[in-house]
Amino acid sequence: MCTEHDKLLELFCKTDQTCICMLCPYSDHSRHDIVPLKEEYEGKKVELGKTGAEIQQMIQKRRLKIQEIKRSVVLSDEDADREIAEGVQVFTSMMESVERGLNELINTIKEKQKTTEKQAEAFITELEQEISELKKRSTEVEQMLRSEDHLHLLQRVQSLNIQQPPPTKDWTEVSVRPSSYEGTVVKAVVQLEETLSKEMKKLLAESELKRVQQYAVDVTLDPDTAHPELILSDDGKQVNAGDVRKNLPDNPERFDVCVCVLGKQSFSSGRFYFEVQVKRKTEWDLGVARESINRKGNIALSPQNGYWTIWLRNRNEYKAFADPPVLLSLKSPPQKVGVFVDYEEGLVSFYDVDAAALIYSFTGCSFTEKLFPYFGYCTNADGKNSAPLIISPVRVN
């Protein structure tokens, strides 16, 4: 308010950051940047509004970051609890195995000790029997020595052959040899190591499978990618092959030569896992493929071509299609195969679910595109390979 003119100040000098009355001479500001006060006020309000909105956005981002950090801590706690539980299980099993091994060692030593004791007892019993017989003969001899009847003594000696001691065993070479315990502990430890190795491998494999199963995702088959001979179930969980090639649109996504199909779901970060039943099949391919793969004509499965897969051929020939392919030696044919992917780590692993055994892992992969689950049904083979591929629900034991 201008005190001289009793009027509201309507100008603003941006140079001196001060208000000016329009009726007052303001030669001091003649070369300054002067604007209407209301305009400057409204402009500043707009700027402050933007600043306030930006501050609120910054606050919201930080609140979200706090939630993210808290969630990370919760997930870390859950992972820690799970690891501790698995560690307790593994080490408890180890301690139980060690205790069993110790008990078996003690029992083995005690059995050897009992054998020695029984042998000694048998010898002692036999010796005591001989001593008893010898004492009896000794008594008879003493009685006869005290006899004054010469004829009677001569007759008794002759009839009983008392001059000879009773028949006894030659004990000169007889002895009780203490049982040898040499090497017993070493043998028990070696056996324990073998047992622990087998048990630990099994427990660790089971633990590893449970760990990846927690990343299970719901996967369904994409009919737009399915080869025309394939028949997909209504729920998108099973694929089989028919005898007739269906007349379907030859869209870019569809495989036209290789009898295979992709999953609908794609993944471009994180970890995911799914399981596929391959029971009673003689041929199949399983794995993941990148989005830009070639889907027309014959396809060479390899990481270089965007496929990370394993296959079965001729009922028992298993291969991992690395560069170059790797022939796999499996103890038994898997009935259900688990596929696990860690996108950031560049890892694709395959598991025999029922045996809780790792089949093969692609490591050091470089993923830059979306990945899709890949299912190769192969051919029907005149009914020999007619069993379906089934995407199974993941059940963690």
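Me: What makes residues of the lining of the largest cavity nonpolar, polar or charged?

Reply: Ala, Val, Leu, Ile, Met, Phe, Trp, Tyr, Cys and Pro count as nonpolar, Asp, Glu, Lys and Arg as charged, and the others, Gly among them, as polar. The lining consists of E86, Q89, V90, L203, E206, S207 and K210, and therefore divides into 2 nonpolar, 2 polar and 3 charged residues. This is a predicted model, in which local features need pLDDT of at least 70 and side-chain atom pairs pLDDT 80 or more, while totals for chains, interfaces and linings use all residues. Residues are numbered from 1 along each chain as its sequence is written, and side-chain values use heavy atoms, without hydrogens and water.

Me: Why is this space called a cavity?

Reply: On a 1 Å grid over the protein atoms alone, a cavity is a set of points where a 1.4 Å probe fits but cannot get out; lining residues have an atom within 4 Å of a point. The search of the whole structure finds 1 cavity of 30 Å³ or more, and the largest cavity holds about 50 Å³.

Me: Which helix gives the most to the lining of the largest cavity?

Reply: That is α3, with 4 residues. Both α1 (37-145) and α3 (184-213) supply at least two; helices are DSSP runs of H or I with at least four residues, and strands runs of E with at least two.

Me: How do you know that strand β1 pairs with β3?

Reply: Pairing requires at least two bridges found by DSSP. Because 3 bridges join β1 (residues 11-13) to β3, the two strands pair, and they run antiparallel. L11 stands opposite P36 in β3.

Methods:
1 Å grid on protein atoms, 1.4 Å probe; cavity = no way out; pocket = protein on both sides within 12 Å on 5 of 7 lines; lining within 4 Å. Points joined across faces, edges and corners; volume = space filled by probe spheres on them.
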